[in-house]
Amino acid sequence: MKKLFFILLINLFPAQQSWTLKQCLDYASANHPLVKQSAVNVQKNERQISAAKGMLLPSVDAGISHNYNFGNGINPQNNQREAINTQTDNLYAQANWELMNWRNYLTISLTKINKETSTYRMKQAQNEVRLNVIQMFFTYQNSKSWLEVLETQLSGIEDQIKRTENEVEIGNRPKSDIYDIKANLGTMQEQWVSAKNQRDLAKINLLNALAITKDTLEFEKPEENLAAADFHDSHFVQHLLEKNPAYQTVLTEIRAQQKMVDIARSGYLPTINGSYTWSSFYNKIMGQPATAFSEQIQNNRNQQLSFGLNIPVFSKLQIKSNVEIAKLNVIHANYDKDLLINNLTQNINSIRVQFLNAQEKYNLLEANFENQRLSFRKSEEKYKEGLMDAYTFFVVRNNWLQANYNLISSKNDVIRQTELLKILEYN
């Protein structure tokens with residue numbers, strides 16, 4: 001239903017869409033191809049469970065054959081070999097049942113573990129998609145903010161040139177002020193083109209992270225969410241590690257490999273089989289009268305019930321080799337777990353460090369922001385009073401705009417790291 005809602009929004013209102021970060025995450029979690037593939041794998045493993053349970057049931061089949069025999073054969077009436085043409089119909093139904101095979105029961109357990117693994121992999125895919133969306137979302141927001149700063153600076157230059165030209169005409173300012181300002185206009189225009197290209201590429205990357213091919217969306221600025229996590233908790237990393245679906249995936253994979261050892265060992269165990277067969281036939285000499293079909297089928301019925309015990313004695317070292325290979329796979333899976341723990345610990349600690357640094361930077365910028373604002377206003381007064389030349393005021397104004405962008409970018413970094421932590425905390 002959620003997927004249909006987003007599709008309708010995209011198709012019906014292509015020019016009016018403006019998504020929040022939460023809408024982006026919800027859409028990607030439900031509609032990204034990686035997530036859909038993982039969901040299909042979960043369904044496939046559910047089918048594997050049904051197939052494994054089906055191995056406990058008997059297999060039943062039935063058949064009928066219609067045959068003609070020409071030439072030398074046995075006459076069923078006198079049991080003598082002679083030149084004879086006959087028609088024979090055979091009917092049968094049989095059932096085979098593995099009454100006891102430990103491999104079947106162990107396979108059921110393995111398929112259940114495989115389904116659990118695929119479920120964690122789906123959550124892992126959702127996490128990876130969401131983390132990528134968050135990174136692309138804030139990269140786009142920062143590039144968009146920087147472009148807005150440059151556009152404001154460019155519009156300021158044009159206004160400044162006009163005012164300066166008027167003041168030059170009346171003799172309040174030297175003509176060199178105009179040359180100073182125009183000298184930086186080309187450089188700033190080049191920066192604007194590069195920033196526009198960077199913003200457009202960032203949006204393409206964000207749409208790609210969402211698996212959306214049409215550029216019919218705009219993205220709202222992120223809501224302020226500067227809540228800090230308890231980084232000083234000694235169990236912080238371990239807590240996030242144990243909740244991570246990638247970690248849960250590798251644990252279930254180890255359990256699956258351990259179950260494969262048991263399955264390999266089941267080759268040493270005996271199996272008990274049972275079978276039941278019902279059969280009958282109809283025989284007729286061509287060109288001669290014969291007993292009715294139904295009567296012959298009734299008279300020629302045969303039933304067979306059998307049981308068998310199969311005890312493995314020597315399997316050319318195949319079972320032993322399979323067991324040893326399965327044990328090595330368990331060891332290999334444990335090393336995979338160690339590698340994953342190392343990588344996840346690095347990622348979690350990196351997010352923690354980046355969060356603390358971004359928060360510290362934001363606090364410093366926010367504390368100094370008011371001083372910068374007052375400094376800009378004082379410079380503006382000096383410029384209006386003729387105590388500051390146009391170029392110096394232009395530099396001061398641009399520094400003030402840059403300070404605004406730095407504060408916005410720093411705040412975005414704090415929110416970004418907060419959102420990344422939320423993904424790791426609430427799996």
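Helix α7, residues 245-265, packs with α9 at an angle of about 170°, and the two axes lie 8 Å apart. Because the angle exceeds the 145 degrees beyond which a pair counts as roughly antiparallel, α7 is roughly antiparallel to α9. The residues of this contact comprise 16 nonpolar, five polar and four charged. The model is a predicted one, and α7 is where confidence is highest in the chain, at a mean pLDDT of 96.

The confidence of the remainder deserves attention before other details are read. The chain averages a pLDDT of 86, with 89% of the residues scoring at least 70. Confidence is lowest in helix α1, residues 2-12, where the mean is 46. Over residues 1-14 pLDDT stays under 50, and for this stretch the model has 14 contacts beyond four places in sequence.

The chain has ten helices and eight strands. Of its 427 residues, 34% count as buried. Among contacts in the chain with a separation of 6 or more, 81% are accounted for by residues 24 or more positions apart.

The interior may be considered next. In soluble globular proteins, nonpolar side chains tend to be buried together. Here the largest nonpolar core has 42 residues, and Trp19, Val133, Leu210 and Phe219 are the ones that touch the most other members. At least two residues of this core come from each of α2 (21-31), α4 (102-169), α5 (176-210), β6 (217-219), α6 (236-243), α9 (318-384) and α10 (390-425). Helix α10 supplies the largest share, nine residues. Another core, of nine residues, lies apart from this one and includes Leu154, Met188, Ala195 and Phe394.

Residues up to four places away in sequence being set aside, Leu210 touches Trp19, Cys24, Tyr27, Ala28, His32, Val133 and Phe219. Trp19, Val133 and Phe219 in that list are, with Leu210 itself, the residues that touch the most other members of the core.

Ala211 belongs to the loop between α5 and β6. Most residues other than glycine have a negative phi. The phi of Ala211, by contrast, is positive, near 60°. Its relative accessible area is 31%, which lies between the 20% limit for buried and the 50% limit for exposed, so Ala211 is partly exposed.

Lys316 also has a positive phi, near 60°, and is a residue other than glycine. Its place is the loop between β8 (302-310) and α9. With a relative accessible area of 65%, Lys316 is exposed, because the cut-off for that class is over 50%.

Leu269 and Met100 are 169 residues apart in sequence, while their C-alpha atoms are 9.9 Å apart in space.

Technical notes. Residues numbered from 1 in each chain as written. Predicted model: local features only at pLDDT ≥ 70, side-chain atom pairs only at ≥ 80, totals over all residues. Heavy atoms only, no water. Core = buried A, V, L, I, M, F, W, Y, C linked by side-chain atoms within 4.5 Å. Buried < 20%, exposed > 50% of the residue type's maximum accessible area, 1.4 Å probe, protein only. Helix = DSSP H or I, 4+ residues; strand = E, 2+ residues; numbered from the N terminus. Contact = heavy atoms within 4.5 Å. Axes fitted to C-alpha atoms, helices over the stretch in contact; angles between N-to-C directions. Parallel < 35°, antiparallel > 145°, perpendicular 65-115°, else oblique. Nonpolar A, V, L, I, M, F, W, Y, C, P; charged D, E, K, R; others polar. pLDDT = per-residue confidence, 0-100.
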